[in-house]
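User: Please examine the model shown below and answer some questions on single residues and on the contact between its chains.

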Amino acid sequence: MAGRYKSDLKWSDVTPKHAWMNRRQLIAGSGALALGSIAGPAMASLAAKKTDYGADLEPNDWDAITSYNNFYEFGTDKGDPATYAHALTTDPWTVEIDGLIDNPGSYGMEDILANVTLEERIYRLRCVERWSMVVPWVGFELADLLNRVGVQPSAKYVSFETALRPDEMRGVSQNVIEWPYREGLRLDEAMHPLTIMATGLYDEPMPNQNGAPIRLVVPWKYGYKSIKSVVRISLVDQMPVTAWNTYSPREYGFYSNVNPDRDHPRWSQKFERKVGGGLFAKQIPTQLFNGYEEEVGSLYAGMDLLEDH
Amino acid sequence: MTAIQHINQTIGRVPPWLIYVVAVFPPCWFLYQGLTGGLGVEPIKALEHKIGELALQILLFTLAVRPLREIVGINLLKHRRALGVVTFFYVLCHLLVWLVLDVQILSEIWADIIKRPYITVGMASFLLMLPLVATSNNFSLRKLGPKRWNAMHRLMYPLALLGSMHFVMLAKGKQIEPLIYLGITIFLIALRWKGFRKKNFAKILSGWFTTASNTTK
């Protein structure tokens, strides 16, 4: 249900669209000049529902969000996804939804989108590598999709899988982690109103490097939990296998809630640096649950966050 | 004259001071790029990684000077000191970027050095460089005598291993690039090992290169 969630980020604090559009127009224009033709940005707006969010943070601009990505299917360098993800075919796209549900099957993107209301969600994003961003996502609550397919009472977890296409993803020839990329959530986490499936950002369709055409966004967990380019969602009764947890369970727990007191074994998580601040950007203190403690803290009542990380 | 003699003649004409002068440019260029957006939206990490990788490359090149002469016949001995000092300069730049721009907070710096193995290892490599750079002058060479000086400068081997381990240990996921650097480091050090030489491996390699260079006469 759209509009259920009210965050403390304000729509008015998003970089005005004309500001970054002008910049893109300039870039596109210079390219167009070189080609000897005139071209403006022909973007298809998603017309997502605007929501009145409170804000203490400033969203990153389009360039930062779309040029600095971790999407190892396209290479391990931050710039690789922006360079190579265009090879991914995102239309047509179907998501296999199966497991402990009433209506399993292949759901096409049009079908999924026809039954939800897209809205803007301005979320903090905290990467496990100690950098962060603020992103104005466009998406819908995962709960809406799960309610539609009918979750059975025996389901306890949701497992997700990214597309695995060696022909389109140059990075998967190297086994940096075990492919396909997999992630998982506990059912109550998946049903939480903060958890969304995003299909765009800045009111534009999702760029491939950010996980087109549909990705998960769980703002209180480290970024790698927010799995990209999802092709499968399964409702299961056991804690699902996840990619980074399989690679190193000590470093990447199943929950992976943002927690300044729980160090990554190889680095401290006390501080982070917001991308886009230039060469002299300051370190800022990391917040428990990435600042969403009020909304999600109760999900983990009684749990030892250092043990069950 | 063989191709290798040509190369040696050209190298011989390059004065060592030129290496110091040229070496100053890459870090300055990276810094300029970082200030003007050329290193992307997160220039601090980019600058740190670029200078770190450059340091590792020059370090390996310095290690390659002796095998290059003994096996291939290319003589860079005259420039080895400059290469070593430049390695130190790059490592120092890398360290300064990490301290001043990246971690910034003094308590965090200290915590990182003692608690994070990849930082501990990197720092150990840096510390082992200090006595070497301090004695990279003719005065120290005379004072210590060639035997002791040489023995001391074998610290290059452990510090090179620590340096490439530092890169391997910070990688996320199974990445190949750091392992290639570590492999090259081990190979270059192994070439000095007597047992390795007894097996005539170095001689065989050397034989190949001699034949190759003779055929290009």
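User: Is R121(A) buried or exposed?

Analyst: This is a predicted model, in which local features need pLDDT of at least 70, side-chain atom pairs count only at pLDDT 80 or more, and totals for chains, interfaces and linings use all residues. Residues are numbered from 1 along each chain as its sequence is written, chains are lettered from A and ligands numbered from 1 in the order in which they are written, and side-chain values use heavy atoms, without hydrogens and water. Buried means under 20% relative accessible area, exposed over 50% and partly exposed in between (1.4 Å probe, protein chains only). R121(A) has 0% relative accessibility and therefore counts as buried.

User: Which side chain is joined to that of R121(A) by a polar contact of 2.8 Å?

Analyst: R121(A) belongs to strand β3 (residues 119-126) of chain A; helices (H or I, at least four residues) and strands (E, at least two) are DSSP runs, numbered from the N terminus. A polar contact is a pair of N or O atoms within 3.5 Å; within protein, one must be able to donate a hydrogen and the other to accept it, and residues adjacent in sequence count only if both atoms are side-chain atoms. A polar atom of the R121(A) side chain lies 2.9 Å from the backbone oxygen of P193(A). The side-chain partner at 2.8 Å is E141(A).

User: What is the relative accessible area of S256(A)?

Analyst: S256(A) sits in the loop between α7 (243-247) and β11 (271-274) of chain A. Its phi is near 50°, a positive value in a residue other than glycine. Most residues other than glycine have a negative phi. S256(A) counts as buried because its relative accessible area is 3%.
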